[in-house]
Amino acid sequence: MRAILLLRRRPQLIRIGLLLLIGGLLLLPSRSHAAASTLADLPLPAQAVIAATLGKDQPAYHATSHGATVHVTNPRHGLTATLTRTGLTLAQGQITGALQLTGYGYGTPSQPVRHATPRAEHNRVEYRHGPLTEWYVNSPLGLEQGLTLRTPPQGRRTGPLTLALRLSGGLTPRLDASKTAATFLTRTGTPALHYTGLTVTDATGATLPAWLSTNGSRLLIQVDDTRARYPLTIDPFIQQAKLTASDGAAYEFGISVAISGDGHTVVVGASYTSIGSHFQQGAAYVFTGAGSAWTQQAQLTAFDGAAYDWFGLSVAISGDTVVVGTEAAIGGHAYQGSAYVFVKPSTGWATTNTFAAKLTASDGAGWDYFGRSVAISSDTVFVGSYANATGHAYQGAAYVFVKPSTGWATTNTFAAKLTASDG
């Protein structure tokens, strides 16, 4: 289960949003050091705005109403949500739970949030609690929960602005030492969610003091808004797991990511990582696990690699086969590029430099950038070569490689070269 708390602001409104991503890592377009900005390069609130628009246009993300109950399915993250008058219930696999706003106010959350019937329109669901509107937006980025508060809490400022969230389904919060992050634990004490990155800004962009506290099964977001100008933006993050390289040497770790069909193996590219004396040769890391428990199994590198290869700019996985793209020079051709195929050994993934095949374009040339993108489906590998000149400079092409009957082996023989007939 992974969740990200967001806040989008409109004039004269306090908006607090929670983006819940359950069942998988957040997979966004990989960023290239030489390419224009992609969705992943944008601030997270901007990503949410774009994703919400995509969800509105795709019926698969639309909510369905059955009387006073609304059902939401997120096909990308395997998430289902049921919204009733009493609140939101989430389910993904064996993970179930609920996070309900129960009240808000100064000092103590003295203003209760009353039950309301959810209303659905396209991919958006709303609860209207008088001056407070609670809303959900379903999109390829996840399920975003938000709050729109039209007026400040009633009463005198007897303490910080406080919003109370009640955890249920056996989840309890545990704060870290900074009190800006928390871990949600199951009944057995197993970490299920990580809640971190709390930041609060006001209408002028000033950052306000903010912290978390707990009261039994309740998690309290507290803000010192004494000198703040409304509206406020509150941004915590909830995430299932944070993957880092165990050797601590990875650079640009996360520039590309891929996840296996069963969701238990993740490959992460780190294209600027130096290997030995080879500056920015690049590497790819293989993790296995589930939930919040992930373990690095292998660091994949090219034993014939060199400096500035940027191995790991792209990664893909299907079953036990991993493909890693690199912009390495081929022969005397700078940035012609290649793609490496690794197959999981019978004893399991382990740090190894032994690749099963090195794929290149037999008709390739310098500056083709073959390997900038890769994909795999079963025994078929696709490699993008965005600057390949097929009659026109930088027209681009994609190459198709099929696993030989004798298994993967270093070969320059591609099965097909795909180009656009109107390119």
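Helices (H or I, at least four residues) and strands (E, at least two) are DSSP runs, numbered from the N terminus. By that count, the protein chain here has 1 helix and 32 strands. This is a predicted model, in which local features need pLDDT of at least 70, side-chain atom pairs count only at pLDDT 80 or more, and totals for chains, interfaces and linings use all residues. Residues are numbered from 1 along each chain as its sequence is written, and side-chain values use heavy atoms, leaving out hydrogens and water.

Let's start with the interior. Of the 423 residues in the protein chain, 48% are buried, meaning under 20% relative accessible area with a 1.4 Å probe, protein chains only (exposed is over 50%, partly exposed in between). The largest nonpolar core has 26 residues, and Y195, L198, V200, L212, I221, V223 and I234 have the most contacts inside it. Such a core is a set of buried Ala, Val, Leu, Ile, Met, Phe, Trp, Tyr and Cys residues joined through side-chain atoms within 4.5 Å. Among the elements giving two or more residues to this core are β7 (95-106) and β16 (191-201).

Next comes an open sheet of 4 strands, ordered β25-β26-β27-β28 with antiparallel pairing. Strands pair if DSSP finds at least two bridges between them.

| Edge strand | Residues |
|---|---|
| β25 | 314-318 |
| β28 | 357-359 |

Strand β27 (residues 338-343) pairs with β28 over 3 bridges, and V341 has A357 as its bridge partner in β28.

Finally, E121 sits in strand β9 (residues 119-121). E121 is exposed, with a relative accessible area of 56%. Its C-alpha atom is separated by 8.7 Å from that of T64, 57 residues apart along the chain.
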